[in-house]
Structures are given as structure tokens and as C-alpha cells.
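User: I'd like to learn how to read aromatic contacts and surface patches in a model. Could you walk me through them with an example?

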Amino acid sequence: MITTKFTDVFGVEAPIVQGGMQWVGRAELASAVSQAGGLGILTALTQPTPEALAAEISRTRDLTDKPFGVNLTILPSINPPPYEEYRDVIIESGVGIVETAGANPAAYVPVFHDAGIKVLHKCTSVRHAVKAQQLGVDGISIDGFECAGHPGEDDIPGLILIPAAARHIDIPMIASGGFADARGLVAALALGADGVNMGTRFLCTAEAPVHERVKRQIVRSTELDTELIFRPLRNTARVASNSVSRKVVEMLDIRAEFTDVQELVAGSRGRTVFETGDLDAGIWHVSTAQGLIDDIPTCADLIDRIVAGARDLMDSRLARMIV
């Protein structure tokens, strides 16, 4: 395996994290990633209630005895979910790692730390990463513009964002956005990160709980097959290019309001895509990394070949370049 600050602090074998994906971060995927040596992540709000999350954590423990985490994304909304109840379930279940995202984690870090839980916070800018470090989080996940979901509004790709953040971050930092193979891991390490976070690559694995047609579509797609929706609303999200996402872009470009597209982008429609394989049922998040994906391996095979490939790149190809 490859040892970094991240593997040392978070107690995993490989510096590879499975992103906390809505509707996807379930026990079968998280446990498979952790069992293979990476850090699997359950997505708290994929579960309809805090009680359901407790059951999913228990189910994950039945599948692996390796460390895994839970993603808790805090977002402002008209009818917010009971975040504190989800937080309490995470604590009471004895989970050792939490990935926070969305809002400032200041209210959550001391509570998790008091329970002995390490906090990995997801950021899309250097300034937010620095602030999170000041708050005392245990690790940073820095998301470049290539990523699926919300990349922020600065539009800084990983090639710049990772080393820019590394100049200021002393705690473990993993890089996210566009990573899918051994070359990406080596590049992230060279840029100053201590590992990589992969969402789309793990979405296209045998254990991912999504319809096979979704996985085959990722294999067929290229790095060009995404859309950036909500740009005029300053809430950019990268999603798969389909009839729905293209319609949303078209409507917002002619000054439509969010209420005009709200039904098109409903989360329940994205869930339908994953469950039925109807690729045009709604929007679904995917990164430009799909241009690097051409198969549907098991999580164990994927992690093994990324680690082995990275070691080979560092030991042989790159070493030979030194005269």
C-alpha cells in the first residue's frame, strides 16, 4: 500500500476515499471500498430518517470490520431535515469518521470531537479550506472544478487548486474532482495532496447500488458529456448531459427562475434514474472523470490496480527520468 498523512490519521490502508453520493452511498458500496483498503462513506441523507441511518450503519458493520465514515451535508432549505438527529445517530452508532460538507462545520466539529470522531471537511476553495483548518477539522477534501455536484463558483481546476491549497494546509488533504486511476493518484500526490476522493469512478463499480444502464452510460460517455446547471443562479452543479439537464441550461440561459425548473431537477427524479436506469428521468451527478472510465470493476479490483499502478509509476517510469 501507499502511506500518507491521510492513511496515518484516518487509519486506512490506501489513500483513496469513496465520495459521499446521494442515493449511492449505501452499505454495499461503502463496505466494499473499506474492505478493499480505502475509506467507504455512507451518505446520511440518503436514508429517509435518522433511525434508517442507524440501521444502515449497522448493516455496514455486518459487511466490514474496516473503518468507514458517514457524510453529513448541511444545506439551507425551506424544510431542512433534522440534521441534529442525524448527527446524534452518527455519534451514538460509534462511527469514527464523518465527512462534512455544505455549510460551515463550526457547530459540528467540537461535538464530533468530543465523541472521538475525526472530521473530514469538503471544500471548493482555498479560503474555505483554510477556515476549516482553523476550526480544527482533521482533514480537508478539496474539490476542483472537474468534480460532480457543486464545484463552487470560482471555476478553479484541480491542477491549480490542489497546490494552491497545499501551500496553506498542514493537516491531511485529499483531492477530489476528475480522479479515476493510478495516474490521477500520482498526480494528486505530486501536487501536494495526501490522497484522492473519487465519486464517479466508484459509481461505476460492481457494488454501486445503481442500475446497470447508468454504469454502461458512464463507460460510453466522454469528458465532454456533462452539463453545468444553475450557473446563472450562482449555484453551479455538474451533472450528466441528458435531455433534462440540457433543458434546464436552456431555460436558465433565457432568464428563467429556479421555480421554473424546480420540478425538472427534483431529487426524486434523480433517484429514479439510479433505480430504473431511465437515463432521462431526471438529473444525476457525474464528473468529467467519466472520460477516463471504460469498465465496471469490483471495488477491490479498482483499488488494487490504482495502488499497484501508482507504485509502478513512481518506482519505474518516473524514477527512470531522474538522471
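Analyst: Happy to! Let's begin with F6 and F10, which both lie in helix α1 (residues 5–10), four residues apart, about one turn of the helix. Keep in mind that this is a predicted model.

User: How is a pair of aromatic rings described?

Analyst: By the distance of the centres and the angle of the planes. Here, the ring centres of F6 and F10 are 4.7 Å apart and the planes meet at 20°, so this pair is stacked. Planes under 30 degrees apart count as stacked. F6 and F10 are both buried.

User: How many aromatic pairs does the structure hold?

Analyst: There are four aromatic pairs. One of them is F274 with W284: their planes stand at 70° and their centres lie 6.3 Å apart, so the pair is edge-to-face. This pair links distant parts of the chain, with F274 in helix α13 (residues 267–276) and W284, 10 residues apart from it, in the loop between α13 and α14 (299–320).

User: Are F274 and W284 buried or exposed?

Analyst: Both F274 and W284 are buried.

User: What sits over the ring of F145?

Analyst: That is the charged end of R238, 4.9 Å from the centre of the F145 ring.

User: And the surface: which residues make the nonpolar patch of about 280 Å²?

Analyst: I156, L159 and I160 make that patch. I156 is found in the loop between β6 (139–143) and α7 (158–166).

User: Why does I156 count as partly exposed?

Analyst: Because its relative accessibility is 34%, and partly exposed covers the range between buried, under 20%, and exposed, over 50%.

Key. Residues are numbered from 1 along each chain as its sequence is written. This is a predicted model: local features need pLDDT of at least 70, side-chain atom pairs count only at pLDDT 80 or more; totals for chains, interfaces and linings use all residues. Side-chain values use heavy atoms; hydrogens and water are left out. Rings of Phe, Tyr and Trp (its six-membered ring) pair if their centres lie within 6.5 Å; planes under 30 degrees apart count as stacked, over 60 as edge-to-face and the rest as tilted. Helices (H or I, at least four residues) and strands (E, at least two) are DSSP runs, numbered from the N terminus. Buried means under 20% relative accessible area, exposed over 50%, partly exposed in between (1.4 Å probe, protein chains only). A charge sits over a ring if NZ of Lys or CZ of Arg is within 6 Å of the ring centre and within 35 degrees of the ring normal. Patches are made of residues with over 30% relative accessible area and no salt bridge: like charges are joined within 9 Å, nonpolar side chains (Val, Leu, Ile, Met, Phe, Trp, Tyr) within 5 Å. Accessible areas come from the Shrake-Rupley method with a 1.4 Å probe; for residues, only the protein chains shown count as cover. A salt bridge is a side-chain nitrogen of Lys or Arg within 4 Å of a carboxyl oxygen of Asp or Glu.
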